[in-house]
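Please take a guided look at the chain shown here.

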Amino acid sequence: MNRPTLSLLAAATALAAVTGFASLTAPASGDEAAARTPARLPVERTSTLCPAPSVSEIAETTYTSITPKGKGGADREAGADEPGSAELKTSTVTLAADDSEAGGDGKNGGTGKDSAQGKPFLSTAEPGRPVTAEVSGAESPALVGTATGRLAPGWTTQQTTTVSVGDARGLLGMTCTAPDTDFWFPGASTERSRQDYVHLTNPDDTVAVVDIELYGKDGAIKSDAGEGIPVPARSSVPVLLSTLTTEDTPNVTVHASTRAGRVGAVVGAADNAGGSDWLPAAADPASRLVLPGIPADATDARLVVFATGGNDADLKVQLAGADGTFTPAGAESLHVKSEMTGALELGDITKGEGGSLILSPSDGSRGAPVVAALRVVRGKGENREIAFIPATGAIESRATVADNRAKGSTLYLTAPGATAKVKVTASAGSGGGEATEKVYTVKGGTTLTETPPVPNGLKGSYALTVEPQSGGPVHAARMLALPEDGVQMFTVQTFPDDRGTVSVPEAKEDLTILVDGK
């Protein structure tokens, strides 16, 4: 009888494009094996999760989604025969919040009108042009989203919320996160002046179980309430950190990990002294880290570091500015004990020039893995506003941050090693306008602070895509500033690589197997 067959190479390629991993081995000589280079193919599926934006009745939130154009480091572009889809939906339940409908008016391809839970909220129609939707008030639920086909590689969503008055006043911005199983958040707090929530969102159809551990300057903070937190299927759970402990601790590192399932996780921080913003997860533990995008007019900055391994960390602290890298006086180094949180007050470190912080092992010390984040302040007194900058990895192929405006965006490009050349693309506008691009040269050991290019004839908002062209590694961040009534409201988003491609081994022979194994 006729038996269906499946190409082993095709199966491995499909597996890699969806899961990011595949292994295929074919017999070959040493020279032949050395000559082969794994192909870079566009991913075929991308997921993202956005937390409930605010508990304020006067909150105004804008969602902006885009898939950038181009190959993004792949050997080929996702084809027209892979049309796919990219859609955000409201979560089934937002626990500890009113389970009512999310009001919104979708724009430019969005379907955000009167979106009930589990219903489509915002859809991306084509690569290269952002779509937006807006919601108001405190009852907007968390969102879950999936992109497939040609809309999957690099798909990203920005969530931007403005709260003009009250204890939670501020401009809160974040790039919605991919589901994962392990997150580090240095820079949180359980002190009385702060209201910090860990938002846990489960995109799947089974319950996820999450453990939350807190670490202060003396190590682990005792807490039984953080163990085994259930997050029901397709639901979101906000956890107030101060309910997990009785200790009043200003500098806390939060470790959220799943013992079952996967979640998206982010910390929402509100400071009674002025300001609020999202604290995203920091880059994976490493002995060398870059924290890009400290504003030129920062009035205060605090570095928070946690040593994740079994060894203490002795760190050299440097600022990469416009003209080079230097060690700030009085803040030259930081010693962090194993599994403890350390903090360093940096004051107005940038002194009129935008910059990025570089952490590396102190001279003569062996490197120890750490995670790190900055709390940055603009303004003083009643006009004080805060934002957070987590350590972020170098851009390997491409990275995008959406929701840039005609005015108010600042781009930071840092080359901690060798000089680098970088292409920056401003997408078409959400309401109209033509994409444009510009190539920048970033000298080694410096941070280039620029007003980014703006699309020709811009209407609405647009996205910025950064792609290294040559030279050393590049780290990047975008500040969005929207001053209101004398308050320098701002938020900073870093550019982690979009992981829009996957490496697929190339086999010399196309091995074929029978589907039924016969």
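Predicted model: local features only at pLDDT ≥ 70, side-chain atom pairs only at ≥ 80, totals over all residues.

Residues are numbered from 1 along each chain as its sequence is written, and side-chain values use heavy atoms, with hydrogens and water left out.

Start with the whole chain. The protein chain holds 2 helices and 42 strands. Both are DSSP runs numbered from the N terminus: helices are H or I with at least four residues, strands are E with at least two. Of the 518 residues, 54% are buried. Buried means under 20% relative accessible area, exposed means over 50%, and partly exposed lies in between (1.4 Å probe, protein chains only). Contacts are heavy atoms within 4.5 Å. Among contacts in the protein chain with a separation of 6 or more, 81% come from residues 24 or more positions apart.

Strands pair if DSSP finds at least two bridges between them. Strand 32 (residues 409-415) and strand 39 (residues 475-481) run antiparallel and are joined by 6 bridges. Here Leu 413 stands opposite Ala 476 of strand 39.

Next come the rings. Aromatic rings are described as pairs by the distance of the centres and the angle of the planes. Rings of Phe, Tyr and Trp (its six-membered ring) pair if their centres lie within 6.5 Å; planes under 30 degrees apart are stacked, over 60 edge-to-face, and the rest tilted. This rule gives 4 aromatic pairs. Phe 183 and Phe 185 are stacked, because their centres are 6.3 Å apart and their planes stand at 10°. Both Phe 183 and Phe 185 are buried. Tyr 215 and Phe 306 form a tilted pair, 4.7 Å centre to centre with 45° between the planes. Tyr 215 belongs to strand 15 (residues 208-216) and Phe 306 to strand 23 (residues 298-307), so this pair ties together parts 91 residues apart in sequence. Tyr 215 is buried at 10% relative accessible area, and Phe 306 is buried at 1%. Ring pairs link Trp 184, Tyr 215 and Phe 306 into a cluster.

Finally, look at the loops. Thr 350 lies between strand 27 (341-345) and strand 28 (355-361). Is Thr 350 buried or exposed? Its relative accessibility is 6%, so Thr 350 counts as buried. A polar atom of the Thr 350 side chain lies 3.1 Å from the backbone oxygen of Ala 296. Leaving out residues up to four places away in sequence, Thr 350 touches several residues, including Ile 294, Asp 297 and Leu 319. Lys 351 is in the loop between strand 27 and strand 28. Lys 351 is exposed at 62%. Its phi is positive, about 50°, although Lys 351 is not a glycine. Glu 339, in the loop between strand 26 (333-336) and strand 27, has a positive phi near 55°. Glu 339 is partly exposed, at 43% relative accessible area.

Note on methods
Polar contact = N/O pair within 3.5 Å; in protein donor to acceptor, adjacent residues only side chain to side chain.
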